[in-house]
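This briefing goes through one protein model by topic.

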Amino acid sequence: MTRPLVIGLTGATGMIYGVEMLKVLHGLSYPTELILSDSAKRNIQIETDYSLDEVCALAGRVHSNKDMAAAVSSGSYRTCGMVVTPCSIKTLSGIANSYNTSLITRAADVSLKEKRRLVLMVRETPLHKGHLELMARAADLGATILPPMPAFYHKPATILDLVHQSIGKALDQFDIEHNLFARWEGPEHKKEREAGDGPKLKSAI
């Protein structure tokens, strides 16, 4: 039986990363447990064309961020880990300091203490030293810091191509198979694709 992936959506900009991850996993019929902060709910309205109900419908189960008795708050509930996308600095701070005043930070703490994968897609720029120290502290505890960093070797043609590449990198951490972007196979394969001998993504440049 496939263990579910816990997904936390927080109030940082970049809500499209969380929504698209839910869409991808829903399409793969991969089980998910969704937790949304109040700020995330507001950002869904601000940054996307989706309603809160539409986003929640993509998850296998949805938990209130205030429900500290939810299944995902306990280490005895088996999951494959957790991803927070986008991850605000406030949430990063709570996780780095085990300040578990919400279900998102508690579920993240559970992933760390149970030695499960925790991926934090931190969204902030520029970063001051305090932000960097929080990331280092979370990494020391066992978290993977995976900020959305656009890559261009796969010749993205749309914003969604860039979003999917970051999502794919996060899903790789959980060994979840996907075809969200063309993987780098070396310069010789790049030449083959450009010559028409292999799959090719349209360039926006």
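This is a predicted model: local features need pLDDT of at least 70, side-chain atom pairs count only at pLDDT 80 or more; totals for chains, interfaces and linings use all residues.

Which residue in E5 is the bridge partner of Val 83? The partner of Val 83 in E5 is Val 119.

**Sheet**

- Six strands form an open sheet in the order E3-E2-E1-E4-E5-E6, and the pairing is parallel.
- Strand E3 (61-64) and strand E6 (144-145) are the edge strands, each of them pairing on one side only.
- Helix H1 (residues 15-27) packs on this sheet and touches E1, strand E2 (32-36), E4 and E5. The direction of H1 makes about 155 degrees with that of E1.
- Helix H5 (residues 103-113) lies across E1, E2, E3, E4 and E5, and runs at about 135 degrees to E4.

**Strand E4**

- E4 spans residues 81-87 and is mostly covered, with 7 of its 7 residues buried.
- Strand E1 (residues 5-9) runs parallel to E4 and is joined to it by 4 bridges. Within this pairing, Leu 5 has Gly 81 of E4 as its bridge partner.
- Strand E5 (residues 117-122) also runs parallel to E4, with 5 bridges joining the two.
- In a regular strand, side chains alternate between the two faces of the sheet. In E4, Gly 81, Val 83, Thr 85 and Cys 87 point one way, while Met 82, Val 84 and Pro 86 point the other way. Residues of both sets are buried.

**Nonpolar cores**

- Nonpolar side chains tend to be buried together in soluble globular proteins.
- The largest nonpolar core has 30 residues, and within it Ile 7 and Met 21 touch the most other members.
- Two or more residues of this core come from each of E1, H1, E2, helix H2 (38-47), E5 and helix H7 (159-172). H1 gives the most, with 7 residues.
- Beyond its neighbours within four places in sequence, Met 21 is in contact with Ile 7, Val 83, Thr 85, Met 121, Ile 167, Ala 170 and Leu 171.
- Another core, of 23 residues, lies apart from the largest one; among its members are Ala 96, Leu 103, Leu 120 and Leu 134.

- Thr 10 is in the loop between E1 and H1. Its relative accessible area is 1%, so Thr 10 counts as buried.
- The side chain of Thr 10 reaches the backbone oxygen of Pro 86 at 2.6 Å.
- Not counting residues up to four places away in sequence, Thr 10 touches several residues, including Met 15, Ser 37, Val 84, Pro 86, Cys 87 and Ile 104.
- Ile 35 is in strand E2 and is buried, with a relative accessible area of 0%.
- The C-alpha atoms of Ile 35 and Thr 10 are 8.6 Å apart, and the two residues are 25 apart in sequence.
- Leaving aside neighbours within four places in sequence, the contacts of Ile 35 include Val 6, Ile 7, Gly 8, Leu 9, His 63, Val 72, Leu 103 and Ala 107.

**Cysteines**

- The structure holds 0 disulfides.
- Cys 56 counts as partly exposed because its relative accessibility is 21%.
- Cys 80 is in no disulfide either, and its nearest cysteine sulfur, that of Cys 87, is 17 Å away. With a relative accessible area of 22%, Cys 80 is partly exposed.

**Backbone geometry**

- Most residues other than glycine have a negative phi, and most peptide bonds are trans. The following points list departures from this.
- The peptide bond from Thr 85 to Pro 86 is cis, with omega near -5 degrees. Pro 86 is in strand E4.
- A cis peptide bond also leads from Thr 125 to Pro 126, with omega near -10 degrees. Pro 126 is in the loop between E5 and helix H6 (129-141).
- Ser 29 has a positive phi, near 55 degrees. Ser 29 is in the loop between H1 and E2, and is exposed at 66% relative accessibility.
- Lys 115, which is not a glycine, has a positive phi of about 60 degrees. Lys 115 lies in the loop between H5 and E5 and counts as exposed, with 74% relative accessibility.

Methods:
Residues are numbered from 1 along each chain as its sequence is written. Side-chain values use heavy atoms; hydrogens and water are left out. Buried means under 20% relative accessible area, exposed over 50%, partly exposed in between (1.4 Å probe, protein chains only). Two strands pair if DSSP finds at least two bridges between them. Contact means heavy atoms within 4.5 Å. Axes are lines fitted to C-alpha atoms, for helices over the stretch in contact, and angles run from 0 to 180 degrees between N-to-C directions. A nonpolar core is a set of buried Ala, Val, Leu, Ile, Met, Phe, Trp, Tyr and Cys residues joined through side-chain atoms within 4.5 Å. A polar contact is a pair of N or O atoms within 3.5 Å; within protein, one must be able to donate a hydrogen and the other to accept it, and residues adjacent in sequence count only if both atoms are side-chain atoms. A disulfide is a pair of cysteine sulfur atoms within 2.5 Å.
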